[in-house]
Amino acid sequence: MTKLTYPFTPMPLRYRFNELEPYLSEEVVSTHYEKHYKSYINKLNETLNTFPRYHHWTLYDLILNIYQLPLEIQNQVWVNAGGVYNHELYFATMTPYNQQIKDNLLHKALNNYFGSMEGFEELFKRLTTEFVGSGYVTLVASPFGELRLMTTINQNTPLPYRLFPLLTIDLWEHSYYLQYQNNRKEYVNAWFNLINWEEVSKRYQYLFFRNVNCLKQ
Ligand SMILES: [Fe+2]
């Protein structure tokens, strides 16, 4: 896990660069992680370097309180903190171990909000096809546990909307171009084989039980 505050450090992957093959090649994963993801971390640290006042702020603090930062660093922090957050979610919710979603809280919620798992997959894929430019399609949960799909451009995140991201796909060309060129559809189909449902379920349960406990207080 990334160090929670400045200086931020890269989140170690739970798989080797070549373990997501054949769906994502070693070259794609290593380039994405080593060059793109780490670049967001480095730039975020560089930006905050001379602003010690914010060195105890977490990624959440930086993203959610962006307008409290000096104007001169707002844009750089926004882009790079978002870049770190989005990439960590993307890498954490992939696994080489082909997983089927288990019959649990998340499974029931997916069926409830999307009609069925097929309904979820169909809508998710449709959004990735219709998406123009660079960004993400993300499965999010409201504070009440309601599930939604949302698209975000560039390195924006669902966090300012008070939505908790559970699963995301990176639709920037750097995440697939080396292997799939401009065939985003093929990349998305392959990526569906890599979803780490266990991790997604854990995130949903965390949100669900945390809120249940909050309501009890
Ligand atoms: Fe990326």
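In the predicted model, the C-alpha centres of domain 1 and domain 2 are separated by 21 Å. Domain 1 spans residues 26-92, and domain 2 spans residues 105-216. Where the two domains touch, 16 residues of domain 1 and 17 residues of domain 2 take part in the contact. On the side of domain 1 that touches domain 2, two or more residues come from each of helix H1 (26-48), helix H2 (59-64) and helix H3 (71-92). The most is given by H3, with eight residues. By residue class, this side of domain 1 is made up of nine nonpolar residues, six polar residues and one charged residue.

The secondary structure of the chain consists of eight helices and three strands. Read from the N terminus, the order of these elements is α-α-α-α-α-β-β-β-α-α-α.

The overall dimensions of the chain were also computed. Along the principal axes, the C-alpha atoms fill a box of roughly 50 × 50 × 30 Å. The radius of gyration of the chain is 17 Å, which agrees with the value near 17 Å for a compact globule, because the chain has 217 residues. Of these 217 residues, 29% count as buried. Among contacts in the chain with a separation of 6 or more, 67% are accounted for by residues 24 or more positions apart.

Note on methods. Residues are numbered from 1 along each chain as its sequence is written. This is a predicted model: local features need pLDDT of at least 70, side-chain atom pairs count only at pLDDT 80 or more; totals for chains, interfaces and linings use all residues. Helices (H or I, at least four residues) and strands (E, at least two) are DSSP runs, numbered from the N terminus. The radius of gyration is taken over C-alpha atoms; the globule rule is 2.2 Å times the number of residues to the power 0.38. A residue is buried if 20 or more other C-beta atoms lie within 10 Å of its own, exposed if 12 or fewer, and partly exposed in between; C-beta atoms are placed from the backbone. Two residues are in contact if their C-beta atoms, placed from the backbone, lie within 7 Å. Domain bounds come from an automatic or database domain assignment. Ala, Val, Leu, Ile, Met, Phe, Trp, Tyr, Cys and Pro count as nonpolar, Asp, Glu, Lys and Arg as charged, and the others, Gly among them, as polar.
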